[in-house]
Structure formats: structure tokens, C-alpha cells
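Please open the model in your viewer and keep the selection panel at hand. The tour below goes from one selection to the next.

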Amino acid sequence: GSLEEARASKASAAKELRETKASATKELEETNALAAKELEETKASSAKELEEIKAPAAKELDETKASAAKKLEETKATATYELEEIKASAFKELEGIKASAAKKVEEAKASAANTAE
């Protein structure tokens, strides 16, 4: 009967091996599924975090751009105003010089006329 026992023992060992393999395969699949799920959650979380960082950064950039554009406009307006004032002042000064020169010419003419008489 030892041959029968050996066969039974072999069959039992083979059965145990199959069960162990099946159990290990099942565990591996569950681990893989869990890992894949965790990876997806991490990806989703990272994408969300990135969006949360990107949105304020984009808003800040737009605000900075708008502020810079506003400052540029204000600087341009000030420069234009100052230029106009300088032009007006120079024109006024030129008019004064012209009037003064004309007055001197008139005086010189009158003086020459008086001398001629």
C-alpha cells in the first residue's frame, strides 16, 4: 500500500500547489488592481493640484500684465501732457521774443526818423 500512499501524497501535493498558485495569482491581481487604482487617484490628485496652482498663477500674470499696461498708459499720458506744456511754453517764449524784437525794430525806426529830421 505504500505505492497508493505515495500516489495520494503526490496528488495531495499537486492539489496544494494548484491552490497555492491560484491563491497567489488572485492576490497578485488584487494588488495590481489596488496599485492601478492608487496610481489613477494620484494622477487625478496631481492634475487637480496642478490646476489649482496654474489658475492663480495665470490670474496673477494677467493682473501684472494689466497693471503694467495701465502704468505704461499713465506714463505715456504724463509724457504727452508734459510735452504739450513744454511746446506751449516754448511757443509763448518765442512769441515774446518776436514781439520784443518787433518793438525794438519799431523803436529803431522811430529813432532813425527823428534823427533824420
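**Stops along the chain**

Select Lys26 to begin: at 52% relative accessibility, Lys26 counts as exposed, where exposed means over 50% relative accessible area, buried under 20% and partly exposed in between (1.4 Å probe, protein chains only). This is a predicted model, in which local features need pLDDT of at least 70 and side-chain atom pairs count only at pLDDT 80 or more, while totals for chains, interfaces and linings use all residues. Residues are numbered from 1 along each chain as its sequence is written, and side-chain values use heavy atoms, with hydrogens and water left out.

Glu30 and Lys26 are four residues apart in helix α1, so about one helical turn separates them; Glu30 itself is partly exposed, at 46%.

Next, select Lys59 and Glu63, which form a salt bridge with their closest N and O atoms 3.6 Å apart. Both lie in helix α1, four residues apart, and Lys59 is exposed at 54%, whereas Glu63 is partly exposed at 45%.

Then go to Lys15 and Glu19, whose side chains meet in a salt bridge at 3.9 Å, N to O; the structure holds 13 salt bridges.

Finally, show the whole protein chain, which has one helix and zero strands, these being DSSP runs (helices H or I, at least four residues; strands E, at least two) numbered from the N terminus.

Methods: Salt bridge = Lys/Arg side-chain N within 4 Å of Asp/Glu carboxyl O.
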